[in-house]
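Here's a quick briefing to read with the model open beside you. Take it a topic at a time and find each residue as you go.

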Amino acid sequence: MSDLSVVILAAGKGTRMGGEVPKVLVETDEGTLISHVLKTVKALNPKEIIVVTGYGREKVEASISGVKFAYQKEQLGTGHAAMVALEKVENKKVLILYGDVPLIKPETLQCFISGAKCLSFISEIVSRDTSYGRVIRDSISGKVLGIKERKDCSSSEALINEVNSGVYVVDTEILRKALSSITPKNAQGEYYLTDIVSYAVDSEIEVGTFTQYENGEFFGVNTLDELAEVNKILLERRIKRFEREGVVFRGASYVAPTVSIGKGSVVGASVELLGTTSLGEGVVVESGSLIKDSKLHDNVTVKLSCRIEESEIKRGASVGPFANLRAGTLLEEDVKIGNFVETKKAHLKKGAKASHLTYLGDCEVGVEANIGAGTITCNYDGFKKHKTVIEDGAFIGSNTSLVAPVKIGKGAIIGAGSAITKDVPQDSLSLTRAEQKVVPGWAKKFREKVNG
Ligand code: UD1
Ligand code: CA
């Protein structure tokens, strides 16, 4: 936009947030408040962007680039901040926004600017009580008369449901005159930017309003609960984007901004996808699972209530229900991990299975190997961790302890209930069971004796 300057007001402390961080640097799940506003206005391609800084100036200025700064030494109000910015404005028209209103979409601004008068602002119809300034209109003609801050409103004015969203387009010359007319005679003793509207009305300058129904876009962050609300809206937007790309969400879930999900995937209710997690296409994650910093390839299934961290799972593998995959787990194609299985630094090769009740730590499991229920790799001797290697096609009988370091050769079979402490050669049977004794009739006699 060739003749447009953008001014972002960002000098306030944000007292209502309670912390010491300058308010515009408060972090949402997708960056600081001001980074959102900047991204939006940069999309309009304006001639210049001027950011008014004050409280925590150095920090705010260090966090952003590609803009000019205007320094507001004392925070005397939004009108005063605009005055400070005006000294740097070089273009005929100014778009003014607040640095604490992060969710505005560039297309909305585009639409607003293209229809703007000499002075226009965006108003919003809300369905709740807010701290926003009320738009006062003539009760008969409907003409805008001014904006009144909530704290300056009478109780009947406070009931007005059309509010000031805090986005204005003004001809620079009109803004100059309007700002020189405002005074801090109000409930907060501040210079209000909003008073430029009544100045225009008094000077018979036509005031335009671009009225929107409340949809979250003009949500301002003044308190911690409003920050939480913004994060909810950002999450909803992320989920909507995935849904448009063909991902199904069965219920409420949390997806971090750095997560990617391929089309045709299905995410159950109450799932958390965190960090750098990426899901391929056709992945199913059932309810209650948490996946962090992990890569799941196409057609992987994660059943009910699993925890997966810093792991990679290749095409067609299935995990859970109730499995715990800890850091360094690598499951190759078609591996099956069943219920109550824990893995850590475990590499299971193609088609290997551990279907129930198993701990696999610091180990390699060969192609198509079968790990019976209750198998434990005893990887820790109280001092050091040791490795277990189970080669291709080996069969580990149920309830076996593999005391590492130990190696089970290709195709070997381990009898159920064994404690294996020595390497087992390829294709052998190994078991460490005491011989089974059978005493015929003993049980019956025992019962007769006990029962008299
Ligand atoms: C402001 C509007 C209100 C509107 C609401 C929308 C005024 C007087 N009120 O109220 O009508 O409904 O936003 O969100 O404008 N700032 C400075 N310097 C200052 C004071 C503030 O740069 O001296 C900056 C703040 O850093 C903030 C922005 O201006 O980014 C808005 O200030 P804030 O105090 O939050 O205004 P609201 O009370 O929300
Ligand atoms: Ca605000």
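## Starting with one histidine

H347 is partly exposed, with a relative accessible area of 22%. You'll find H347 in strand β27, which covers residues 336–348. Keep in mind that you're looking at a predicted model.

**More on H347**

- If you skip the neighbours within four places in sequence, H347 is in contact with L330, E332, C363, E364 and V365.
- G382 sits 35 residues from H347 along the chain, and the C-alpha atoms of the two are separated by 23 Å.

**The whole chain**

- Picture a box of roughly 110 × 55 × 40 Å, taken along the principal axes: that's what the C-alpha atoms of the protein chain fill.
- The protein chain has a radius of gyration of 33 Å, whereas a compact globule of 452 residues would come in near 22 Å.
- Of the 452 residues in the protein chain, 48% are buried.
- Take the contacts between residues at least 6 apart in sequence: 40% of them join residues at least 24 apart.
- On the charge side, the protein chain carries 58 positive and 57 negative side chains, and the centres of the two sets lie 7 Å apart.

**The calcium ion**

- Which residues are the protein donors of the calcium ion (ligand 2)? They are D100, through OD, and N222, through OD1, lying 2.3 to 2.4 Å from the ion.
- This pair links distant parts of the chain, as D100 and N222 are 122 residues apart. D100 is in the loop between β6 (93–98) and α4 (106–114), while N222 is in the loop between β11 (207–213) and α7 (224–244).
- Is D100 buried or exposed? D100 has 14% relative accessibility, so it counts as buried, the cut-off being under 20%.
- N222 counts as buried too, because its relative accessibility is 8%.

- T223 is partly exposed, with a relative accessible area of 22%.
- M17 is 206 residues away from T223 in sequence, yet their C-alpha atoms are 4.7 Å apart in space.
- What is T223 in contact with, leaving aside its neighbours within four places in sequence? The answer is R16 and M17.

**S120, a buried serine**

- S120 belongs to strand β7, residues 119–125.
- With a relative accessible area of 2%, S120 is buried.
- Leaving out neighbours within four places in sequence, S120 is in contact with F112, V167, Y168, V169 and G208.
- K23 is 97 residues from S120 along the chain, and 26 Å separates their C-alpha atoms.

**Helix α1**

- How many of the ten residues of helix α1 (residues 33–42) are buried? Seven are, which leaves this helix mostly covered.
- The buried ones in α1 are L33, I34, H36, V37, L38, T40 and V41.
- A handy rule for reading such a list: an α-helix has 3.6 residues a turn, so residues three or four places apart point the same way.

- The peptide bond from G320 to P321 is cis, and its omega is near 5°. P321 is in the loop between β24 (318–319) and β25 (324–325).
- Another cis peptide bond runs from A404 to P405, with omega near 5°. Look for P405 in the loop between β33 (401–403) and β34 (406–408).
- N299 isn't a glycine, but it has a positive phi of about 55°. This residue lies in the loop between β20 (295–296) and β21 (301–302), and N299 is partly exposed at 38% relative accessible area.
- N399 has a positive phi as well, near 55°, in a residue other than glycine. It's in the loop between β32 (395–396) and β33.
- Is N399 buried or exposed? N399 has a relative accessible area of 54%, so it counts as exposed, the cut-off being over 50%.

Technical notes
Residues numbered from 1 in each chain as written. Chains lettered and ligands numbered in written order. Predicted model: local features only at pLDDT ≥ 70, side-chain atom pairs only at ≥ 80, totals over all residues. Heavy atoms only, no water. Rg over C-alpha atoms; globule rule 2.2 N^0.38 Å. Buried < 20%, exposed > 50% of the residue type's maximum accessible area, 1.4 Å probe, protein only. Contact = heavy atoms within 4.5 Å. Lys, Arg positive; Asp, Glu negative; His and termini not counted. Charge placed at Lys NZ, Arg CZ, Asp CG, Glu CD. Donors = N, O, S within 2.8 Å, 3.2 Å for Na, K, Ca; no water. Helix = DSSP H or I, 4+ residues; strand = E, 2+ residues; numbered from the N terminus.
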